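Colleague: I have a few questions about the terms you use for this structure. Could you take me through them one by one?

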Amino acid sequence: RFAATYRLIDIPLANLIASGVSRTFVLTQWNAHSLNQHVQAAYPQDLFGFGDKGFVECLPSYQRPEEKTWSTGSADSVRRHYQAGTLQGKSHGGCLSEPKAYIICSGESLYQMDYNDILKTHNETGAEITIATQKRKVGDIDYHNLGVLSMREDMATAVEHFKEKPSVDELKEIAVCGDESEKLEDCEVAVNMGIYVFSERIMRDLLGRIECVADDMSLDLGK
């Protein structure tokens with residue numbers, strides 16, 4: 001729980017509602033029953049729309065008969081539900097239109113964001129994957145527990161390096177240092193916020209590829 005009766009999941013859900021996103025799935029791995037009760041009690045359907053046009057639905061960890069374990073990470077959970085058809089609306093009678101893009105966001109971060117901004121950037125740049133980041137000084141963050149990025153010099157919107165929980169040597173390759181930056185702590189990096197936009201086509205391509213290599217891997221978005 002967070003702040004009395006609230007939970008961290010309320011942050012992304014509030015942002016989604018404020019951004020006008022009407023079809024939302026909450027993928028759970030732990031405490032699924034308690035979380036499902038909270039979402040059902042706190043978010044009546046009219047906040048998202050009526051009938052199959054808008055909803056919020058909790059999806060538990062998923063395992064097919066041929067798989068050895070339950071979902072082993074956030075990316076693995078997305079993969080399993082995508083391949084089962086639940087993220088495309090098959091649980092709603094197959095009557096939902098195919099989404100053009102998916103917003104995937106962490107359920108454990110504190111922030112306020114209009115997701116229309118990242119969707120607009122995603123569409124205008126023609127990107128297949130868009131990642132929300134914040135520029136921060138190295139000395140102000142716990143980079144050992146974060147994902148950090150650097151952008152290409154010839155294309156400011158294209159990612160050149162992406163490191164999850166980097167070492168000091170890896171951070172030196174990524175950090176952008178000004179002329180007055182004498183220490184690594186004074187340099188800047190782009191920090192991954194755990195918010196992604198995936199086009200429908202790249203979801204199909206990437207998730208098919210992950211299935212071939214990930215039987216015994218712990219898969220989290222950002223890795």
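Colleague: Is E128 buried, partly exposed or exposed, and how do you know?

Modeller: E128 has a relative accessible area of 34%. Buried means under 20%, exposed over 50% and partly exposed in between, with a 1.4 Å probe and protein chains only. E128 is therefore partly exposed. Please keep in mind that this is a predicted model, where local features need pLDDT of at least 70, side-chain atom pairs count only at pLDDT 80 or more, and totals for chains, interfaces and linings use all residues. Residues are numbered from 1 along each chain as its sequence is written, and side-chain values use heavy atoms, leaving out hydrogens and water.

Colleague: What makes the contact of E128 and R201 a salt bridge?

Modeller: The term asks for a side-chain nitrogen of Lys or Arg within 4 Å of a carboxyl oxygen of Asp or Glu. For the side chains of E128 and R201 the N to O value is 1.8 Å, so the pair qualifies as a salt bridge. In general, side chains of opposite charge can pair when their charged atoms come close.

Colleague: And where do R201 and E128 lie?

Modeller: E128 lies in the loop between α4 (115-125) and β4 (129-137), whereas R201 lies in helix α6 (residues 200-213), so the pair ties together parts that are 73 residues apart in sequence. R201 has 39% relative accessibility and so counts as partly exposed.

Colleague: Which residues are joined into one network, and what makes it one?

Modeller: The network consists of D76, R79 and R80, joined by salt bridges that share partners. D76 pairs with R79, with the closest N and O atoms 2.7 Å apart, and D76 also meets R80 at 3.1 Å, N to O. D76 and R79 sit three residues apart in helix α3 (residues 74-84), about one turn of the helix. R80 and D76 are four residues apart in that helix, again about one turn.

Colleague: Why is the link of C177 and C187 called a disulfide?

Modeller: A disulfide is a pair of cysteine sulfur atoms within 2.5 Å. The sulfur atoms of C177 and C187 are 1.8 Å apart, so they form a disulfide. Both cysteines lie in the loop between α5 (168-174) and β7 (188-199), so the pair ties together parts that are ten residues apart in sequence. The link is right-handed, with 105° about the S-S bond. The structure holds one disulfide.

Colleague: Are C177 and C187 buried or partly exposed?

Modeller: They fall into two classes: C177, at 43% relative accessibility, counts as partly exposed, while C187, at 1%, is buried.

Colleague: How do you know that the buried residues of α4 line one face?

Modeller: The buried residues of α4 are Y115, I118 and H122. Seen down the axis of α4, they fall within an arc of 65°, so they line one face of the helix. The arc is that of the directions from the helix axis to the C-beta atoms. The face turned away from that buried side carries the exposed residues N123 and E124.

Colleague: What do the buried residues of α4 pack against?

Modeller: They pack against α1 (10-18), β3 (101-105), β4 and β7, where contact means heavy atoms within 4.5 Å.

Note on methods
Helices (H or I, at least four residues) and strands (E, at least two) are DSSP runs, numbered from the N terminus.
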